[in-house]
Protein chains: 2
Amino acid sequence: MKVYAFGVDIGGTSVKIGLGRTSGWLFETRKIGTPPAPSPESFLAQIADVIKQRIQARGFRAADVLGIGVGVPGPVDAQGMVHGCANLGWGDVDVKAILEQHLQMPVQVGNDADVAALGEMWQGGGKGFSNLVMITLGTGIGGGVIINQHVVPGRFGSAGEIGHLHVDGQEREPCNCGNFGCLEQYASATGIVRTAKTLLAGHPEVASVLKNAGSFDAKAVCDAAREGDALANAALGQSMEKLGQALAMISCVVDPDAYVIGGGVSAAADVFMPPLKQAYRHYAFPASKDTVFTQATLGNQAGIIGGIKLIMSKESKEK
Amino acid sequence: MKVYAFGVDIGGTSVKIGLGRTSGWLFETRKIGTPPAPSPESFLAQIADVIKQRIQARGFRAADVLGIGVGVPGPVDAQGMVHGCANLGWGDVDVKAILEQHLQMPVQVGNDADVAALGEMWQGGGKGFSNLVMITLGTGIGGGVIINQHVVPGRFGSAGEIGHLHVDGQEREPCNCGNFGCLEQYASATGIVRTAKTLLAGHPEVASVLKNAGSFDAKAVCDAAREGDALANAALGQSMEKLGQALAMISCVVDPDAYVIGGGVSAAADVFMPPLKQAYRHYAFPASKDTVFTQATLGNQAGIIGGIKLIMSKESKEK
């Protein structure tokens with residue numbers, strides 16, 4: 001019985017390799033550092049070696065292991081081809097083929113945000129929902145769209161790129177993607193700080209703890225908002241207005257059961273959820289105003305847990 | 001062998017009932033008028049009677065007919081429950097249960113725009129694509145989202161409500177849905193006319209054939225644009241700017257293989273496609289700039305052909 005599976009989460013600074021049962025029990029996690037600009041072949045061979053070593057150490061036979069689900073930090077098309085990972089310095093890499101050749105077992109590859117969304121659906125904040133959109137609020141904004149319990153990768157691997165929804169026609173500064181007025185410019189951790197700085201600069205007469213903070217992060221804005229700082233609340237309100245508007249648009253496209261909010265900023269859900277839900281309800285199509293909002297619960301294990309689910313979904317689909 | 005299936009397209013003025021083979025060959029279409037404010041029970045009984053009569057006239061046995069796929073002009077949830085059809089004066093109606101009781105064969109129900117999208121995917125402008133978004137430009141804007149060859153209905157039946165994507169933060173007039181700045185206010189047939197009228201009113205100095213036209217429709221705007229009328233071209237450009245912006249956002253959510261444009265306005269694709277594609281490329285996430293744009297080809301048969309595909313998809317899914 002193939003009751004074991006590996007979930008691999010490849011990131012810019014480290015790779016996490018999780019081993020679990022298909023029942024959902026994750027019982028082992030290994031971490032290896034990502035070398036700077038790793039060559040795909042040697043780096044994937046190194047990951048394969050760890051997996052082989054763990055299979056041997058545990059005394060598994062090939063017949064015990066379902067396969068490996070892998071999340072990578074870049075766009076992955078429906079065929080599993082990885083089209084460039086900026087953080088790794090990779091161009092097109094056939095991660096699936098390379099790992100399958102090393103390991104002689106099924107490998108499934110997805111975008112890391114998509115795989116994390118799958119993990120949250122299976123074992124985390126999205127448990128019980130078959131259709132959800134996960135939003136990861138970090139330095140940027142990542143997203144994953146799950147329909148019928150499966151990741152939607154998109155033609156060019158860009159499904160779930162919700163950080164790049166156009167939410168402001170007046171923006172003069174370009175987003176990292178080159179466009180103007182992307183959601184990520186306002187509602188990511190960076191965007192929340194930027195919004196607060198713009199408000200501070202425009203309202204020198206308003207007292208705020210942020211004024212004397214020099215450099216501050218999104219957590220500082222959320223903390224100040226929690227303490228009743230008017231400027232911090234206004235900044236968070238503006239950021240969540242944009243996010244609510246964007247999620248209302250996503251509901252007009254896929255109308256998910258739930259939005260699962262994760263990433264570093266999500267720890268401050270107590271302060272951002274109320275303005276976010278209010279903005280969502282304001283902009284949402286009348287029929288979709290009651291979509292559920294939840295918090296991600298798996299933290300940085302979402303990727304490896306999602307990896308296990310990814311290979312399970314793939315194998316059950318092909319049977 | 002169950003090689004026959006019915007596709008039923010329930011509209012505000014008429015019901016089309018198509019009979020075809022599961023190979024895709026539609027060989028018979030019947031049309032009955034929709035009475036004003038029909039009671040769901042008696043009206044669906046009338047539709048069932050036509051189907052029974054056609055089965056009998058053709059000499060089919062129950063074992064020959066796969067079932068019936070039905071499109072209705074209102075939101076349908078994932079369980080097939082219809083939640084209100086404004087044009088029919090219906091509240092919640094279990095169309096599937098009522099028809100199945102009459103006909104004793106499988107019935108599958110979907111939103112009419114979703115079912116039309118499925119038809120276009122199977123036999124029309126979207127043939128060959130498994131992931132597409134259909135946009136119907138008519139009095140309003142309808143939409144259907146197909147992922148992995150299946151309709152995405154949405155939690156509240158609102159997936160594909162792309163006419164209500166928020167594309168303008170400055171709008172002062174409400175949309176029919178009660179919100180402000182919905183795509184439909186600019187890029188539907190009505191929206192194109194409205195855009196042209198606003199430009200005419202704001203630029204009395206500009207010569208335009210539309211100026212003396214009194215009341216005009218979207219076709220007149222497209223015709224004038226084709227003849228080189230500067231104001232008509234500017235109006236169409238503004239409308240397509242909003243539509244391109246909206247489709248670029250849809251690509252950030254589901255990144256489809258193709259956009260299939262249908263509805264009355266789509267006959268003027270020669271004049272609106274160039275500005276639409278230009279606006280799309282301008283706003284699209286860099287990876288998704290080359291999404292395919294096609295025209296719908298099935299016209300008002302898309303609903304019945306999609307109905308046949310709907311019941312085929314359902315039956316193959318359950319096997």
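Visitor: Is B:A232 buried or exposed?

Guide: B:A232 counts as buried, because it has 26 C-beta neighbours inside 10 Å. Buried means 20 or more other C-beta atoms within 10 Å of its own, exposed means 12 or fewer, and partly exposed is in between, with C-beta atoms placed from the backbone. The model is predicted: local features need pLDDT of at least 70, side-chain atom pairs count only at pLDDT 80 or more, and totals for chains, interfaces and linings use all residues. Residues are numbered from 1 along each chain as its sequence is written, and chains are lettered from A and ligands numbered from 1 in the order in which they are written.

Visitor: Where is B:A232 found?

Guide: In helix α7 of chain B. Helices are DSSP runs of H or I with at least four residues, strands are runs of E with at least two, and both are numbered from the N terminus.

Visitor: Which residues is B:A232 in contact with, leaving aside neighbours within four places in sequence?

Guide: B:A196, B:S208, B:L210, B:V221, B:A224 and B:A225. Contact means C-beta atoms, placed from the backbone, within 7 Å.

Visitor: B:A196 is in α5(B), then. Which others are buried there?

Guide: B:A189, B:G191, B:I192, B:V193 and B:T195 are buried in α5(B), along with B:A196. What covers them includes β8, α4, α6 and α7 of chain B.

Visitor: New topic. How can chain A be laid on chain B?

Guide: By a turn of 180° and a shift of 0.0 Å along the axis, with an RMSD of 0.0 Å. That is the relation of a two-fold axis. Copies are superposed by least squares on C-alpha atoms of residues with pLDDT of at least 70 in both.

How values were computed
Contact = placed C-beta atoms within 7 Å.
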